[in-house]
Amino acid sequence: MSNMFSDKIIEAVSFKSSWKKERSLADSGAQTDDLETFERASQSVKRKDKEVQTEDDGSHKTRLAQDTVGRLGEFLSKIEPVILRELDKALTSHAFDDFNIGWDNEEASVTCVHKLTNPDLNEQLHITGITWNSTGAVIAAAYGRYDHEDWCTHKSALCTWNLERRNINENKPDTVIDLSTCLTCVAFHPKNPAIIAGGTYDGEVMMWDLSREDDMLVTSSGIGDDAHREPVTRVHWIPDNTTSKRDRYLLVSTSGDGKILVWKHDRKKDAIKLSNGFILMAQNLPKALRKSRGIRGDKEVGVTCLSYNCEDRDAFLIGSEPGAVFRCSMQTHGEPAGSQVISSVPLHSPVTFTYNPHYAPVYSVEFSPFHRNAFLSSSMDQTIRLYSMLQKQPVLTIEPGEGFISSTKWSPIRPSLIAATTESGHLLLYDLRSEQPVPIQKLEASINKTAVHTCQFNPNQFELLATGDGAGFVHVFRLSQDLKSTNPKDIEAINVLVDIES
């Protein structure tokens, strides 16, 4: 069987395709030349802009389409009475009286922006008075003490800071004027930003010129028959009505000796001379008050504060040590001073009306700068009172419960806003439009909760309010937009409180 089969290799047989053509393939290569590159910088051309204004071509006039039918005129005639009637209603509407545009969406707030002091005097002396100059850039502080038991042996000073100085040093005053006795009050001149007056514990009235490089003292009343015999409590500038020159002012001073003295500055001699004066006698006190204090009618009564009316330059207020508040006039010549009072000018009582008294010494009286009949008072009896000049009883009494109230001030821009300083070391802000007599702001305004003795609004920069405390520090606060903006209803609120029609 094996012989029947065997392996055999035969040649391959190929067949050509009858439908597919033959193809040939070939490989080839190519190389490009090296690429050459170049870099170039270019600058754009300069351009200039020009503006042109075409001239008005008077030949082309714009006109409203002609109303051939008359419907437009008919419509306007029909609605005219309606529009006029609604406009008349809008004039008397109070719909937006309480609406203030909050451009910055700012709430009523107060922030302390400066704490000023003289390190050589703080903790030893109080701030007894502060005042802003006529530009509102400089603030001055009087250093002294209130707690004297005998002769004053303190060394005090008048210090100033320019708040517009770029690199202000809050612990280094720009000006320091040393004094050999306590400075009790200060007041910048209303027009001259360099002139400042002050009063001392010794009863001396002084005037300085801060623009001088050497001795800044211009003049002093000295100590004598025409000077005060007790500490000066206030100095205040008033226009000189005896001259037509607008820049002339008189200086008024008050004291614990009961005298209200009017000084005139002789520019040629650089001296102040007594030109007029008044005196407060015990017989001016309410009978019940005089009897309860056991004061004889021929005795002088200490004057603690004064304020002049915003409209009637002859009218002024004074507060007293026994607690009485008086309306006075520069033209009144009441009871003369007793024979024990010596003066080169006759001294008479200026009192024309007596208000319901406080129960303790009056620390401040302040006429409203917006309403001639409204005024504030504050006292050691821990109350703030709002009076109408036309009635005896106060129309509003506020009891903060913060100890004695040493100072009250009206805002120079917002008629219903008042500020008060307290024994507890606070600055209180009240809005007299509020139904409840509670402060809208209660601020820490002293170091170590010492008493705050004085406050003053800035007369030019209405957002600034300064206080002076018992530790020798001046705090400067910045009011928010809401507290320095006028409101149409502010005056109306004051009118209602003092029961006077607007």
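**A buried aspartate and its partners**

Mentor: Asp-490 counts as buried, at 0% relative accessibility. Please keep in mind that this is a predicted model.

Trainee: Where is Asp-490 found?

Mentor: Asp-490 is found in helix H3, which covers residues 488–497.

Trainee: Which residue forms a salt bridge with Asp-490?

Mentor: The side chain of Asp-490 meets that of Arg-433 in a salt bridge, 3.1 Å from N to O. This pair links distant parts of the chain: Asp-490 lies in helix H3, while Arg-433 lies in the loop between strand S24 (426–431) and S25, 57 residues apart.

Trainee: Is Arg-433 buried or partly exposed?

Mentor: Arg-433 is partly exposed, with a relative accessible area of 29%. Asp-490 falls under the 20% limit for burial, so its 0% makes it buried.

Trainee: What else does Asp-490 touch?

Mentor: Leaving aside neighbours within four places in sequence, Asp-490 is in contact with Arg-414, Pro-415, Ser-416 and Arg-433.

Trainee: Which residues are linked with Asp-490 in a network of salt bridges?

Mentor: The network links Arg-414, Asp-431, Arg-433, Asp-482 and Asp-490.

Trainee: Which residues of helix H3 are buried?

Mentor: In H3, Asp-490, Ala-493, Ile-494 and Asn-495 are buried. In an α-helix there are 3.6 residues a turn, so residues three or four places apart point the same way.

Trainee: What do the buried residues of H3 pack against?

Mentor: They pack against two strands, S19 (374–379) and S22 (405–410).

Trainee: What happens just after H3?

Mentor: Just after H3, Asp-499 takes a positive phi of about 60 degrees.

Trainee: Let us turn to the whole protein. How many helices and strands are there?

Mentor: The protein has three helices and 28 strands. Of its 502 residues, 46% are buried.

Trainee: What share of the contacts comes from residues 24 or more positions apart?

Mentor: Among contacts with a separation of 6 or more, residues 24 or more positions apart account for 54%.

Trainee: And what is the accessible surface of the protein?

Mentor: The accessible surface comes to about 30,400 Å², and carbon and sulfur atoms hold 48% of that area.

Trainee: Back to charges, then. How many salt bridges are there?

Mentor: The count comes to 15 salt bridges. One of the pairs is Lys-264 with Asp-240, whose closest N and O atoms are 3.7 Å apart. That pair links distant parts of the chain, with Lys-264 in strand S12 (residues 259–266) and Asp-240 in the loop between S10 and strand S11 (249–255), 24 residues apart.

Trainee: Is Asp-240 buried or exposed?

Mentor: Asp-240 is buried, with a relative accessible area of 8%, whereas Lys-264 counts as partly exposed at 38%.

Trainee: What about Glu-402 and Lys-442?

Mentor: Their side chains meet in a salt bridge of 2.6 Å, N to O. Glu-402 sits in the loop between strand S21 (396–398) and S22, and Lys-442 in strand S25 (residues 441–444), so to speak distant parts of the chain, 40 residues apart.

Mentor: Asp-226 is in the loop between strand S9 (217–220) and strand S10 (232–239). A polar contact of 2.5 Å joins its side chain to that of Ser-344. Asp-226 is partly exposed, with a relative accessible area of 25%.

Trainee: And where is His-453?

Mentor: His-453 is placed in strand S26 (residues 452–457) and counts as buried, at 14% relative accessibility. Beyond residues up to four places away in sequence, His-453 touches several others, including His-126, Tyr-146 and Asp-469.

Trainee: Finally, which residues form a nonpolar patch on the surface?

Mentor: Leu-72, Phe-75 and Leu-76 form that patch, with about 300 Å² of accessible area together. Leu-76 is found in helix H1 (residues 71–91) and counts as partly exposed, at 46% relative accessibility.

Conventions:
Residues are numbered from 1 along each chain as its sequence is written. This is a predicted model: local features need pLDDT of at least 70, side-chain atom pairs count only at pLDDT 80 or more; totals for chains, interfaces and linings use all residues. Side-chain values use heavy atoms; hydrogens and water are left out. Helices (H or I, at least four residues) and strands (E, at least two) are DSSP runs, numbered from the N terminus. Buried means under 20% relative accessible area, exposed over 50%, partly exposed in between (1.4 Å probe, protein chains only). Contact means heavy atoms within 4.5 Å. Patches are made of residues with over 30% relative accessible area and no salt bridge: like charges are joined within 9 Å, nonpolar side chains (Val, Leu, Ile, Met, Phe, Trp, Tyr) within 5 Å. Accessible areas come from the Shrake-Rupley method with a 1.4 Å probe; for residues, only the protein chains shown count as cover. A salt bridge is a side-chain nitrogen of Lys or Arg within 4 Å of a carboxyl oxygen of Asp or Glu. A polar contact is a pair of N or O atoms within 3.5 Å; within protein, one must be able to donate a hydrogen and the other to accept it, and residues adjacent in sequence count only if both atoms are side-chain atoms.
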